[in-house]
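Have the sequence and the 3D view open as you read, and take the points in order.

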Amino acid sequence: MKIAISGKGGVGKTLLSALLIKEYSRRGFSVLAIDADPDTNLASALGFPNPDNITPISEMKELIEQRTGVKPGQPGSLFKLNPRVDDIPDTYSKMHDGIRLMVMGKVKRGGSGCYCSENTLLQALITHLLVVNNEVVILDMAAGIEHLSRATAKAVDKLLVVVEPGRKSLETALRIKQLASDIGIVNIAAVGNKIRNPGDIDFLTSNLPGFVFLGFLPFDSSITEAEISGGNALEASQTILLEIESIFTQLETSRNPQ
Ligand SMILES: Nc1ncnc2c1ncn2[C@@H]1O[C@H](COP(=O)(O)OP(=O)(O)OP(=O)(O)O)[C@@H](O)[C@H]1O
Ligand SMILES: [Mg+2]
């Protein structure tokens, strides 16, 4: 099962990713978590020790040069298009509490430099992880969907779009759905987050009639309070944990229909 989690900035992609990662792990699945957001924070959401000391793949300059043949940041035109990546997950992932995590990191775009080699390696790696790995792979994506290529799209079993009650979040969800269908992702579903009242659910479902909703997570200030006090935000809300169980069940049922 390969699940990618997307949506507008700040809607709760990392929270949902971390909750699902914990739920799959708790149920005995071997889980590989991928932080594919350049603004990395999945490690900290999952409670990895010293999350700021994890070196993202995009900053492993020697590795990038060794595999692509071009020094990172250099405008090389002769980099390998299909660098070897199969050994990278075992060597460069971090393990905590039974969960394996790979942090992809930032790839700067535009400007004067070319970042082809970093991009090439990250893209090859994500595609490889999604295609070859037989674990549950959960990918916390950057806001938007530009990072999903056709090759990646083919390997994702489920694209979850997180939405919150608000126009911008709806617009992003609709753009993601359009782009997803353009690149061949058919299995797409939504999860509502930061729900404050039944009207929020009506707002989301009536404005996004083309989406199947797997669940709705309430807004719960104990989550942000836990973040501030250094507590466990993932276990701060019992209602959210129950909803995650239900989302897990639906994901598993859609994978193994009886
Ligand atoms: N259901 C909720 N109740 C209360 N606070 C929430 C809820 N969901 C998310 N938050 C808070 O909203 C903020 C953004 O959440 P999160 O980091 O998961 O979003 P994101 O989509 O990953 O953001 P980014 O686009 O920056 O990666 C966090 O401070 C988080 O604790
Ligand atoms: Mg995030």
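1. Let's begin with ligand 1. Around ligand 1 there are 20 residues, of which Gly-9, Gly-12, Lys-13, Thr-14 and Leu-15 come nearest. Here a residue is near a molecule or strand if its C-beta atom, placed from the backbone, lies within 6 Å of it. Two or more residues of this shell come from each of α1 (13-26), β7 (188-195) and α9 (221-229). Helices (H or I, at least four residues) and strands (E, at least two) are DSSP runs, numbered from the N terminus. By class, the shell holds 7 nonpolar, 7 polar and 6 charged residues; Ala, Val, Leu, Ile, Met, Phe, Trp, Tyr, Cys and Pro count as nonpolar, Asp, Glu, Lys and Arg as charged, and the others, Gly among them, as polar.

2. A word on reading the model: it is predicted, local features need pLDDT of at least 70, side-chain atom pairs count only at pLDDT 80 or more, and totals for chains, interfaces and linings use all residues. Residues are numbered from 1 along each chain as its sequence is written, while chains are lettered from A and ligands numbered from 1 in the order in which they are written.

3. Next, please look at helix α10. It runs over residues 238-255, and its 18 residues should span 26 Å at 1.5 Å a residue, which agrees with the 26 Å between its end C-alpha atoms. The expected span is 1.5 Å times one less than the number of residues.

4. Which residues of α10 are buried? They are Ile-240, Glu-243, Ile-244, Ile-247 and Leu-251. These residues are on the same side of α10, because they cover an arc of only 105° around the axis; the arc is that of the directions from the helix axis to the C-beta atoms. A residue is buried if 20 or more other C-beta atoms lie within 10 Å of its own, exposed if 12 or fewer, and partly exposed in between, with C-beta atoms placed from the backbone. On the face turned away from the buried side, α10 carries the exposed residues Gln-238, Leu-242, Ser-246 and Thr-253. The cover over the buried residues of α10 includes α1, β6 (158-163), β7 and β8 (213-218).

5. Strand β7 deserves a visit of its own. Ala-189 lies in this strand and is partly exposed, with 18 other C-beta atoms within 10 Å. Leaving out residues up to four places away in sequence, Ala-189 touches Lys-158, Leu-160, Phe-211, Val-212 and Leu-214; contact means C-beta atoms, placed from the backbone, within 7 Å. Lys-194 also lies in β7 and has a positive phi of about 60° although it is not a glycine. Lys-194 counts as buried, with 21 C-beta neighbours inside 10 Å.

6. Now to strand β5 (residues 136-141). Here 6 of the 6 residues are buried, so β5 is largely enclosed by the rest of the structure. Val-136, Ile-138 and Asp-140 point one way, and Val-137, Leu-139 and Met-141 the other. Strand β1 (residues 2-7) pairs with β5 in the parallel sense over 4 bridges, and Ala-4 stands opposite Leu-139. Strand β2 (residues 31-36) is also parallel to β5, over 6 bridges, with Leu-32 partnering Val-137. Strands pair if DSSP finds at least two bridges between them.

7. Finally, please check Asn-50, in the loop between α2 (42-45) and α3 (61-68). Asn-50 has a positive phi of about 45° although it is not a glycine, and it is exposed, with 9 other C-beta atoms within 10 Å.

How values were computed. Contact = placed C-beta atoms within 7 Å.
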